[in-house]
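Please read the numbered points with the sequence and the structure in view.

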Amino acid sequence: MTTAILMHELKTFVEQAVAHLQIGKDDKVPTVHLGYLPIKRVPDPQSPPVSKHSSSEDPYILIRPLEGEDEQNLGLAKVLIILGCYDETEQGYLDLLNMIEDVKQAILRAGLIGSGMYEIAEDKKMKWRVYEDDSWPEWIGYLETYWTMPGIQREVNLDG
């Protein structure tokens, strides 16, 4: 359950970190989602989805856990923060870089989130990447982050 709480805490943190941004031709603030973009539906809610996951002209950020490790006193979670925006000019590429930089700097400045329960791992590098494939007019990149979290405490004394 701890990783799920981390995802919600990270979502709230990232929403606050990008609240000032104005991305794309309509100057929109990126929306933050857990996992994947919401399913896009046609106007009739009884109809099947148009596609499994929607693509969006609105800027977005996805918080997606990839893997984790647990020891008795410490947990570690690898979390991908995927960022995307749409623009038919090169401004989209610059908007993407600005989104990555704002989120990265906010995380590094804070160091801790969730009332100090989760800490960006000091012994792991935070990596960022912009996808090389020609995805014009959609611009996509990501931040790879590692978070330490409280370990599981033994509740039963096996010695006695």
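1. Arg64 belongs to strand 2, residues 60-70; strands (E, at least two residues) and helices (H or I, at least four) are DSSP runs, numbered from the N terminus. Arg64 is buried and yet has no salt bridge. The nearest side chain of opposite charge, that of Glu138, is 12 Å away. Here Lys and Arg count as positive and Asp and Glu as negative, while His and the chain ends are not counted. Buried means under 20% relative accessible area, exposed over 50%, and partly exposed in between (1.4 Å probe, protein chains only).

2. The model is predicted: local features need pLDDT of at least 70, side-chain atom pairs count only at pLDDT 80 or more, and totals for chains, interfaces and linings use all residues. Residues are numbered from 1 along each chain as its sequence is written, and side-chain values use heavy atoms, with hydrogens and water left out.

3. How many salt bridges are there? The count comes to three, a salt bridge being a side-chain nitrogen of Lys or Arg within 4 Å of a carboxyl oxygen of Asp or Glu. In helix 1, Lys11 and Glu15 pair at 2.9 Å, N to O; these two residues are four apart, about one turn of the helix. Lys11 is partly exposed at 22% relative accessible area, and Glu15 is partly exposed at 33%.

4. In helix 2 (residues 91-110), Lys104 and Glu101 are three residues apart, about one helical turn. Their salt bridge has its closest N and O atoms 3.1 Å apart. Lys104 is buried, with a relative accessible area of 16%, whereas Glu101 counts as partly exposed at 29%.

5. The remaining salt bridge joins Asp58 and Lys28, with the closest N and O atoms 2.9 Å apart. Asp58 lies in the loop between strand 1 and strand 2 and Lys28 in the loop between helix 1 and strand 1, so the pair ties together parts that are 30 residues apart in sequence. Asp58 is partly exposed at 31% relative accessibility, and Lys28 is partly exposed at 33%.

6. Asp58 and Lys28 are also among the residues that line the largest pocket, including Ile23, Glu57, Tyr86 and Thr89. The lining divides into three nonpolar, two polar and seven charged residues.

7. Most residues other than glycine have a negative phi. Asp27, in the loop between helix 1 (2-17) and strand 1 (31-34), has a positive phi near 50 degrees and is partly exposed at 45% relative accessibility. Ser115 has a positive phi of about 55 degrees and lies in the loop between strand 4 (112-113) and strand 5 (118-120). At 84% relative accessibility, Ser115 counts as exposed.

8. Arg129 lies in strand 6, residues 127-130, and is partly exposed at 38% relative accessibility. Its C-alpha atom is separated by 5.4 Å from that of Gly141, 12 residues apart along the chain.

Note on methods: On a 1 Å grid over the protein atoms alone, a cavity is a set of points where a 1.4 Å probe fits but cannot get out, and a pocket is an open set with protein on both sides within 12 Å along at least five of seven lines; lining residues have an atom within 4 Å of a point. Ala, Val, Leu, Ile, Met, Phe, Trp, Tyr, Cys and Pro count as nonpolar, Asp, Glu, Lys and Arg as charged, and the others, Gly among them, as polar.
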